Amino acid sequence: MAFIRKRRLERDLYSKERFSLLLLNLEEYYFEQHTANHIINKGCKDERKFRGSLKICSKSIIFEPDDNIQPIIKIPLRDCVSIKAPEDNEASNPFTRDTSGGISVVCNQIFLIKERNIIAPYKTVRGRTEHLFQLDVAGKLGDVVQTLHQITAILQSRLARTSFDKNRFQSISETLHMECKAEMVTPLVTNPGHVCVTDANLYFQPLNGYPKPVVQITLQNVRRIYKRRHGLMPVGLEVFCTENDLCSDIYLKFYNCQDRDELYFLIATYIENHITEHTAESYMLQWQRGHLSNYQYLLHLNNLADRSCNDLSQYPVFPWIIADYSSSVLDLTKPETFRDLSKPIGALNKERLDRLLARYQEMPEPKFMYGSHYSSPGYVLFYLVRVAPEYMLCLQNGKFDHADRMFNSLAETWKNCLDGATDFKELIPEFYENDSSFLVNSLKLDLGKRQGGKMVEDVELPPWASGPDDFLQKSQEALESQYVSEHLHEWIDIIFGYKQKGSEAVSAHNVFHPLTYEGGVDLNSIVDPNEKVALLTQILEFGQTPKQLFTIPHPRRIVPKLKSLSRTSSHSVSIAESPVSPNEESFEDLTEESITLAWNNIAKLKSDERYKIHKEAITGIAVTCNGSSVFTTSQDSTLKMFSKESKTIQRSVSFSNMALSSCLILPGDTTVISSSWDNHIYFYSIAFGRQQDVLMGHDDAVSKICWRDGRLYSASWDSTVKVWHCVPGETLSNKKHHFELLAELEHDVSVNTIDLNAANTMLASGTKEGTISVWDVPTATVLHQLPCHSGTVFDAAFSPDSRHLLSTGEDCCFKVIDVQTGMLISSVTAGEPQRCFKWDGNTILSGSQSGELLIWDILGGKVIERIKGHTGAVMSMWMNEQCNSVITGGEDKQIMFWKLQY
């Protein structure tokens, strides 16, 4: 629970102080403190003196008594009538004795805070009063009074006059790279100071030394760094020393984006060799394939969309999932248990939506459907008031909300979100975590009395929850349920995706106030400081729409049948859930298990044998069903048959003097088909040892062929892919094959490679200019076309489940496309081109330009293992059905046999 965990850490570190920056107003700064006595009724019989700390701030004077029984006194400068030091000639006056170092403050209003050290609404004392503060260091008196009189200009002046204290460096050998002014951001608070980055550390030194003299982060520990919007301006930077935690180590706000970008570049340059930067698309691939839970994926999307636990106006947003808060048992198998994730909260109730749309139609530009947002500081603290009461008091000027408007009941809150005229709020991550303290009034706060006379205590839970922990457990189960996994992409489209803006947002009834959107206002163009503060206040109170991450429909999750998706393991399936008992496993199940085992151990691939059998690079490999004969094609124009048993070449056939580009064996192991650069496709009879037929099907070199269910698919540099129906000839009666052209898939440039999905319904093609196309085979129409690579596409293949398409090209990149939406969801850069590959949807075995075999974790975007292989580029690769045997062909004219050694 990021927000609460961070707050508890701060409370443990600075528990001796009751003062915090939360006592300040928006855009108010804390400058300095002085040890002092607060003297009440000076010179009278009931004169009292309280020792404590006098805090000088940009909009107030705050006195914190050492005695916790006494309240903190906050005096707003706007309510001050006079601030002065007693005149020097009053020193002999008996009523002004011992006033050296004294400051007299006359004001019309003060606030009393944390009396008896109890967190409660601030007490307001109105009426003219005088307060005398006697400083321990009398010499500071003139400076303090001058500061209070010149308060508006003092911040930038002090920042300009001071610099980072280099004595704070961890080592005298550190080299300074950059220093600038900035503010450290925590929820509802910013604290000005100096940022400094060296060759080893990032430092922040608060101008006021609060809460500690310097914050230091070792660059070697940094794992993630993100540019942020703050107050709708691109001036934020957040640094994380953890991989998955939502809580950052520091959030900085700069005075201009140039300083922010320079610091980002310095840190990013340092850490680029230590970490892998993840994009929304790479996280999407991990989520789709079950390597991230729904909860983890939403956290990552929030993070990438500028949502931070340090910024309550951009706090992470999570969806309402459960719609049933009245049943005694929560049934996660019933769709009606769940909220409709395809609609924003405001559109769930049709009657309310109709009223809102009627108002929207009559509204002048700029139009918006909802008068409040689904995420704002008020809503975050509405949920968290029981554990973060001081934040609520800070936000609401020292007051809690009315008792009947507090977070009293899950059922009431959900009903109000459905029916309320201005309530459209979503949830926060805490509802799907493990700390239930925000549901319990463990601090025994006096949050008021409701109309029925009942005090506001713990949150009332639905009947199906036995307690707060059980409620969170069931909420987690609901978030990871099959229904949510199948529909979460619809909610992502609304919050982070293509339905967030424009005409799609209007159609989805998802239009909010213009101020909530990125680029909605330019704060730099506002000169008047009062107007700027007013606008910032409006932004803070209203909330902000997340940064848009996707501009096309988000793909669905791949949800395995009869498998439970848990946060700890996305692949766990219990015996009770399994469709077959352990003793009745089908052959398919055993095959799938052996394939999974093979890919899990693919890094243990070892070279078995190698043979030089051609005079030029090997371009294609095909193996008979029994594995005894290996057929290879080469740029030396020959088709060769190699016997694994005798380790000799048994046949060598040349069809023309042009290079052969690929080969395959037809079912039954009777015929080998080879494609050639001479525009022809050759059929060779294994039984009779002769050319059986030739198909003159193209106007340029044939680059790749595939065979599925009696159909031949041929790709060519003539910019076409052709689909042929092939009726085999009866060889004994010497009849030729009969070829019927079924379809011609036209491209703009030469096609270099093709692949078909498992169902033979889709075909992927890659061109010499880097374009990947996905075709619907039955209708011969293009479904998606993406400019994926710069340069030739060397290889492309569907994942076994046909959900994703992987391609590799001359640009040294692997690209993953979601087949359903056509979205490019992952890009991994290799140090050199990868010429060919096999993959199981998660792991890639690729052949590189240098001859190595590389094993990649495509989800993590990194190389797991490098295996020495050929002395030139790996040009072709074959893998058996069990995925435990591999043959590669290289530019070095050799074939290499590889075996898995468990």
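What follows is a short chat about the chain as a whole and then about some of its helices.

Q: Before anything else, what kind of model is this?
A: This is a predicted model, and the values discussed here are computed from it.

Q: Okay, how many helices and strands are there in the chain?
A: The chain has 15 helices and 42 strands, and its C-alpha trace spans about 130 × 65 × 55 Å along the principal axes.

Q: And what share of the residues is buried?
A: Of the 902 residues in the chain, 57% are buried. As for contacts with a separation of 6 or more, 57% of them are accounted for by residues 24 or more positions apart.

Q: Let's go to helix 4, what does it reach from its first C-alpha to its last?
A: Helix 4, residues 257-271, has 15 residues and reaches 21 Å, which is close to the 21 Å expected at 1.5 Å a residue.

Q: Which residues of helix 4 are buried, and where do they sit around the axis?
A: The buried residues are R260, L263, Y264, I267 and I271. They cover an arc of only 105° around the axis, so they lie on the same side of helix 4.

Q: What's on the face turned away from that side?
A: That face of helix 4 carries the exposed residues Q258 and F265.

Q: And what do the buried residues of helix 4 pack against?
A: They pack against several strands, including strand 8 (176-186), strand 9 (189-198) and strand 10 (201-206), as well as strand 12 (224-230), strand 13 (233-240) and strand 14 (250-254).

Q: Changing topic, at what angle do the axes of helix 5 and helix 6 cross?
A: The axes of helix 5 (residues 280-288) and helix 6 (residues 294-304) cross at roughly 175° and come within 10 Å. Since an angle over 145 counts as roughly antiparallel, helix 5 and helix 6 are therefore roughly antiparallel to each other.

Q: Which residues make that contact?
A: Helix 5 contributes A280, Y283, M284 and W287, while helix 6 contributes N294, Y297, H300, L301 and L304. By class, the contact of helix 5 with helix 6 has seven nonpolar and two polar residues, and no charged ones.

Q: Is helix 6 mostly covered or mostly exposed?
A: Helix 6 is mostly covered, with ten of its eleven residues buried; among them are Y295, L298, L299, N302 and N303.

Q: What do those buried residues of helix 6 pack against?
A: The buried residues of helix 6 pack against strand 12, strand 13, helix 5, helix 11 (468-479) and helix 12 (482-495).

Notes
Residues numbered from 1 in each chain as written. Predicted model: local features only at pLDDT ≥ 70, side-chain atom pairs only at ≥ 80, totals over all residues. Heavy atoms only, no water. Axes fitted to C-alpha atoms, helices over the stretch in contact; angles between N-to-C directions. Helix = DSSP H or I, 4+ residues; strand = E, 2+ residues; numbered from the N terminus. Parallel < 35°, antiparallel > 145°, perpendicular 65-115°, else oblique. Contact = heavy atoms within 4.5 Å. Nonpolar A, V, L, I, M, F, W, Y, C, P; charged D, E, K, R; others polar. Expected span 1.5 Å × (residues − 1). Buried < 20%, exposed > 50% of the residue type's maximum accessible area, 1.4 Å probe, protein only. Arc of directions from axis to C-beta.
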